[in-house]
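Keep the viewer open while you read.

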Amino acid sequence: MQTSLPSEKATLVALVAGATAICGLPLLLLFRTGLTGETGLDLAPMLEAVQNRSVQRALWNSIESSFLSALVATFLGTLLALLVGLTDIRAKGLLVFLLLLPMMIPPHVTAIAWIQALGPASPVLRWLGMAPELGSTHPLYSREGLVLLLSLQHSPLVFLLVRAALRSFPRELSDAARISGAGTWTLLRRITLPLLGPSLLAGFALAFVVALGNFGINALIGIPARYTTLPVLVWRRLASFGPDILPNVAVISVILALVALVAIMIQSLLQRRMRASLIGLPQDPLAISLGRKRPFVEALLWSFVALVLLLPAASLIATSLVRTYGLPLGLDTLTLENFVEVVWRQSVTLRAFANSTIIAGIAALVIAAASLLLGYFLTHRSGAHRRWAGLALTQSEIAFAVPGLVMSIAFILAFIRPLPILDVSLYGTLWIILIAYVSVFLAVGLKPVLAAFLQMDGSLEDAARVSGAGFFTRIRRIFTPLAAPSAASGAILVFLTAYNEVTVSALLWSTGNETIGTTIFNYEDGGYTTLAAAMSVLVVAATLAIMLTMNALSKKVPAGTIPWKD
């Protein structure tokens, strides 16, 4: 019987060393820079930063906007999940697809679309005669506007979590309550919502942490509103003073990272106290009959979808089709010049599309492969093997929990000097963005694979070992085919997230190494609004095309491969 111990150990060592190099080491350097001095631990720079009025204001704005938007996103996402998951409304598949679509659209594109949808120069509102007066303050340039967009952007995350929790509930409790005469509201109040407690808390914490690190919306809405958050403060200082100010922004980044980690710790503590043990197998959730109210509820749902998707999309398209931002859309102002400019004349656009496609694709494949191996060690091995794999898992989860801009600072600190021995510098190249993507999004690809491995019977490996199958043979012939749909699902999520992101690459890009997100942001920040709109339309169209293609393939691939399909 083959034990294949050397190959197992070598693979595990490579995985842990890789996770440490791209997740743990950059964060360790960040905390060392922010929390130590010449004599060791030194909190003086952090205390000095916290006493700075601009840092205090940015810290409060970050916590306030993240908390308020997380509350709204949790309420909205839960309400939508309950309506779609527990009632007899029609066209649920299409509704789920459309409700999750905002999550796949980059936050900075969302901000640009809503700015153009509701502003005095909005082509759509001017065409309808409903635009605010020219010269008036944009209604979104405020704390409330920032919270609104963060809520709309992150409510699909809560929707996804709550809907998954509803589908995992056994039916016995609900059926018993209904047999006992409990009405819909009693069922929700006494059974469904209490059981959803851990999922609601997880959704709130996730929405809070993601909003805390959001850069696109915070920058495009917060800067004009003079409502600066910590990610924007870090970006502005580094953009203004360059690498010489790295120690200063490292201290601010440590503060932001600590806030995120404290939020995750509080969530984990509360979740353990709220956990309830359920007996019974998951079944299809209830389909509560809405009766005569169904057309009214469906009308409200579809109106919400139209408001969230159609209004900003129409405004974005209209802005991309006029010669100058502010002109009303009409036959005399209609032009495709902006699309011609970004596709054919601006070399940066095609370069950005190529760069994002390549590095997002490579990151997705690397994460899928690493997830298959880590999933095996975390579930089918014990003792030291599982503990070491757990170290890699912990580092990946921390890297995901820490805001993306903080990870950017950590990667600059880690790779600003040439690599030892190789004497090769990654700073200022496309490779540093690729490594950052693998670090930040590893947890995203790993979670569905880990869930798949937990469902596999250990007797499969025992039989393979008895038959003499080595480590790589077992991985290739047994576990990879079984976990492939989950690995593909995670890879698709990683690709779509990395393809459109701007938070991680905002500080890592350089001339020649632009990404889609940074190019759109730079167009908008530089005042080229129509070009930003044209490129945003192309990005949304590409994202939608990818998702529709995946939908069309859903019947030809194993269940679970498409993340948003049951």
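The buried residues of helix 11 are G216, I217, N218, A219, L220, I221 and G222. Helix 11 spans residues 216–225, and with 7 of its 10 residues buried it is mostly covered. Keep in mind that you're looking at a predicted model.

Step just past the end of helix 11 and you reach R226, with a positive phi of about 55°. R226 sits in the loop between helix 11 and helix 12 (230–241). That phi is a positive value in a residue other than glycine. For context, most residues other than glycine have a negative phi. R226 is also exposed, since its relative accessible area of 78% is over the 50% cut-off.

A91 is another one to click on: it isn't a glycine, yet its phi is positive, at about 60°. You'll find A91 in the loop between helix 3 and helix 4 (92–104). With 44% relative accessibility, A91 counts as partly exposed.

The protein has a mean pLDDT of 84, and 90% of its residues reach 70 or more. Among its elements, helix 3 (residues 53–86) has the highest mean pLDDT, 93, while helix 8 (residues 172–179) has the lowest, 61. Where pLDDT is low, the predicted coordinates should not be read in detail.

**Two helices crossing**

Now turn to helix 5 (residues 107–118) and helix 14 (residues 294–320), which pack with their axes 8 Å apart and at an angle of about 80°. Because of that angle, helix 5 is roughly perpendicular to helix 14. On the helix 5 side, the contact is made by V109, I112, A113, W114, Q116, A117 and L118. Helix 14 brings L307, V308, L311, P312, S315, L316 and T319. What sort of residues make up the contact of helix 5 with helix 14: nonpolar, polar or charged? They divide into 11 nonpolar and 3 polar, with no charged ones.

At 17% relative accessibility G326 counts as buried, and leaving aside residues up to four places away in sequence, it touches A121 and R126. G326 and G470 are 144 residues apart in sequence, and their C-alpha atoms are 67 Å apart in space.

**Rings**

The structure holds 13 aromatic pairs. In one of them, F411 and F415 have ring centres 5.6 Å apart and planes at 25°, so the pair is stacked. F411 and F415 are 4 residues apart in helix 18 (residues 404–415), which means about one helical turn separates them. As a rule, an α-helix has 3.6 residues a turn, so residues three or four places apart point the same way. F411 and F415 are both buried.

Which residues form one aromatic cluster? Y376, F377, F453, F471, F472 and F479 do.

**A few single residues**

S371 is in helix 16 (residues 347–380). Is S371 buried or exposed? S371 is buried, because its relative accessible area is 0%. If you skip residues up to four places away in sequence, S371 touches L442, G445, L446 and V449. S371 and G490 are 119 residues apart in sequence, with 9.0 Å between them in space, C-alpha to C-alpha.

Q267 lies in helix 13 (residues 246–274) and is buried, with a relative accessible area of 13%. Not counting residues up to four places away in sequence, Q267 touches L201, A202 and A205.

D457 belongs to the loop between helix 19 (430–454) and helix 20 (459–466). D457 and H380 are 77 residues apart along the chain, and their C-alpha atoms are separated by 9.1 Å.

| Residue | Relative accessibility | State |
|---|---|---|
| S371 | 0% | buried |
| Q267 | 13% | buried |
| G326 | 17% | buried |
| A91 | 44% | partly exposed |
| D457 | 49% | partly exposed |
| R226 | 78% | exposed |

Definitions and conventions
Residues are numbered from 1 along each chain as its sequence is written. This is a predicted model: local features need pLDDT of at least 70, side-chain atom pairs count only at pLDDT 80 or more; totals for chains, interfaces and linings use all residues. Side-chain values use heavy atoms; hydrogens and water are left out. Axes are lines fitted to C-alpha atoms, for helices over the stretch in contact, and angles run from 0 to 180 degrees between N-to-C directions. Angles under 35 degrees count as roughly parallel, over 145 as roughly antiparallel, 65 to 115 as roughly perpendicular and the rest as oblique. Contact means heavy atoms within 4.5 Å. Ala, Val, Leu, Ile, Met, Phe, Trp, Tyr, Cys and Pro count as nonpolar, Asp, Glu, Lys and Arg as charged, and the others, Gly among them, as polar. Rings of Phe, Tyr and Trp (its six-membered ring) pair if their centres lie within 6.5 Å; planes under 30 degrees apart count as stacked, over 60 as edge-to-face and the rest as tilted. Buried means under 20% relative accessible area, exposed over 50%, partly exposed in between (1.4 Å probe, protein chains only). pLDDT is the predictor's confidence in each residue, from 0 to 100.
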